[in-house]
Every structure is written in structure tokens, then in C-alpha cells.
Amino acid sequence: ETLLATPEATEFLTAVPQAGRILRPLCRMLGLTPPACLRLPERPRPPHQKPRAEPRAAPPPHPPARPLPAYVRAAVRAWKPKFG
């Protein structure tokens, strides 16, 4: 805490802001309040979003234009789900 309060540390953190990525978590771990030069700027609030519209119902399935091949029909009949 004493080290971070010195003018040299403030000067260093102003010149090398990447050092804050190391010192901010360290201050939190030690229970220190970070000095003003270590505080991050406030993030802008995200813009208000409109509520989403209700999803549309899926259209009913169309019957196939031609019948499925025999091997596909057999595979569908033989298929068993693994779970459930």
C-alpha cells in the first residue's frame, strides 16, 4: 500500500498501464483499495434493447414429393435413441 502511494509508482503506472493488469488483482487479494491510477474507467452501459418478438410457429411439414427409398424407411424404423 505504501509502495503504491509513492509518486514514482503513480508515474510508472501512468507510463505503463499494462502493469495495472498485475497490480489490480494483487490489491484485491491483499484487501487494499487500489489507488486512482489503478482504477479502470467505467464501461459504457449497453443500449436498451427492444423486447424480442414471439417466435413464429413452424409451418406444418410437407409430405415428400416422392416416397422415401426403402433403405431410408428401414433405417427410420430400426433407429432407437440412445437416451430416453
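Modeller: Lys and Arg count as positive and Asp and Glu as negative, while His and the chain ends are not counted, and the place of a charge is taken as NZ of Lys, CZ of Arg, CG of Asp or CD of Glu. This is a predicted model, in which local features need pLDDT of at least 70, side-chain atom pairs count only at pLDDT 80 or more, and totals for chains, interfaces and linings use all residues. Residues are numbered from 1 along each chain as its sequence is written, and side-chain values use heavy atoms, with hydrogens and water left out.

Colleague: How far apart do the centres of the positive and negative side chains lie?

Modeller: The protein chain has 14 positive and 5 negative side chains. The centres of these two sets are separated by 32 Å.

Colleague: Which pattern does the protein chain follow along the sequence?

Modeller: Helices (H or I, at least four residues) and strands (E, at least two) are DSSP runs, numbered from the N terminus. The protein chain contains four helices and zero strands, and its pattern reads α-α-α-α.

Colleague: Which residues of helix H3 are buried?

Modeller: Buried means under 20% relative accessible area and exposed over 50%, with partly exposed in between (1.4 Å probe, protein chains only). On the face of H3 turned away from its buried side sit the exposed residues Arg21, Ile22, Met29 and Leu30. The buried residues of H3, which spans residues 20-30, are Gly20, Arg24 and Cys27.
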